[in-house]
Amino acid sequence: MRSGEFPVNVGNGNEDVVDTDTGRKLPVPALLEDQNPNEGISEFEISVQEGETEFIPGQTTPTLGYNGSYLGPVIKVSRGDEVRMHVRNELSDETSVHWHGLEVEGTADGGPHQVIPEKDIWEPVFSIDQPAATLWFHPHVIGTTAIQVYYGLAGLFIVEDENSKSLNLPDEYGVNDIPLIIQDRSFTEDGSFLYYDNMMDGAYGDYIMVNGAITPYLDVDQLKMRFRIVNGANARNFDLRLSDRSEFQQIASDGGLLESPVVSDSLFITPGERAEIIVDFSDYEEGDVLELISDGELVMTFRVGEEAEDVTEIPEKLAEIERMDPDLVSGFKSIELDGMGHMVTLNGRQFDMDRIDDDVAEGELEIWEISTFRSMMMGSAGHPFHIHGTQFQVLSRNGEEPYQNEKGWKDTIFVQAGETVRILVRFRFKGLFMYHCHILEHEEAGMMGQLEVY
Ligand code: C2O
Ligand code: CU
Ligand code: CU
């Protein structure tokens, strides 16, 4: 089946097709095996394939996945590694695999210029040279990005470094270090996905899913757990809280560990963004049930189990972040995000594959000012703005200090209606890179530009 042929239903989602009381156990994606025995070289095989997934008991949903039927395995690498990818496209349609957040040359980025034809193979080679972080990967072909992601193409890409390994953070994958890929989906009566683009702010779903399960549960012991959260939704923002309003610590943003943990009782996370949080379950008792909620809706449930010994530690100082110096800036770019639904524009125009919108020299430091228009009528609530091939720093939000949890490395930044955010941007690799709104329906509608790093 071509992804273009997947049913794109237009109509209102039917919220009664799924019984959400029968939450499943949280699936934890497998770690992808490194095929290369040499230290310092990692080699991974990824197959992009069609499949069927049972989200609703007794019903099968046609889906897409990496090395499986829905979502993908977790790729884990270390700073300094040379990575050799072997991506086989088993679909009967084009795809690409974009490493969101990875700082690599344009030819390895996996954006719309690295299309993998059907039944073809793509084999980029790149080196990892950035701090420990939770990144992710997903398709990026013009016209099919949104639908291919919706049908299941997304996976996690974890980078470790000397610093992250030396800290005593929870880092036992699948045990006290768990990814949470949060998405929303709608279904038709027969169990197929219902992709409903609401023509305003993109495709929303009626059900929240984590790692491909509708409002699942996770059994946890009475200790600190690290969750690597990815907002993998096409369009929806999540405002995550624990049902008892207790606080947790955010230790990382998109591009790596924060300087020190940020304590909060909520986490606002927009499409494309990542956050790592530590939830301490040691104050709970066996049998306690805690919910993770977003705007009053259930995301998932934690069921607290036994007491356990916890040898992990969250230090006051997590990482050294070299501050980019605004005095060294030699360029300025202004990005205006406007409109809503399919009428969105970036700097007054829509994406054109044959037009390079901007350029910058490798290593040059610039300020980018991203602003969104506040409409008198109905308008977009805001846009998560993302840049490929770089990690940037937030200089200011509406002329004020950025939020505490956006003072680390970022590659995606939410700009609410009427806001102006200034960021410090530097590209360390040459090539052609996209920048765009990460509401995938906005991106598809042309809220994207491309820049050449020379
Ligand atoms: Cu997450 Cu242009 O992508
Ligand atoms: Cu990206
Ligand atoms: Cu947008």
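**Exercise 1.** Which residue in β8 is the bridge partner of H98?

*Solution.* The structure is a predicted model, in which local features need pLDDT of at least 70, side-chain atom pairs count only at pLDDT 80 or more, and totals for chains, interfaces and linings use all residues. Residues are numbered from 1 along each chain as its sequence is written, while chains are lettered from A and ligands numbered from 1 in the order in which they are written.

Step 1. Strands (E, at least two residues) are DSSP runs, numbered from the N terminus. β5 and β8 (residues 133–138) run antiparallel and are joined by three bridges; two strands pair if DSSP finds at least two bridges between them.

Step 2. The partner of H98 in β8 is H138.

**Exercise 2.** Describe how domain 2 meets domain 3.

*Solution.* Step 1. The domain assignment, automatic or from a database, gives domain 1 (3–166), domain 2 (177–307) and domain 3 (326–453).

Step 1. The centres of domain 2 and domain 3, taken over C-alpha atoms, are 26 Å apart.

Step 2. Their contact (C-beta atoms, placed from the backbone, within 7 Å) involves 22 residues from domain 2 and 23 residues from domain 3.

Step 3. On the side of domain 2 that touches domain 3, β17 (248–253) and β18 (256–264) each supply at least two residues; β18 gives the most, with five residues.

Terms used: Two residues are in contact if their C-beta atoms, placed from the backbone, lie within 7 Å. Helices (H or I, at least four residues) and strands (E, at least two) are DSSP runs, numbered from the N terminus.
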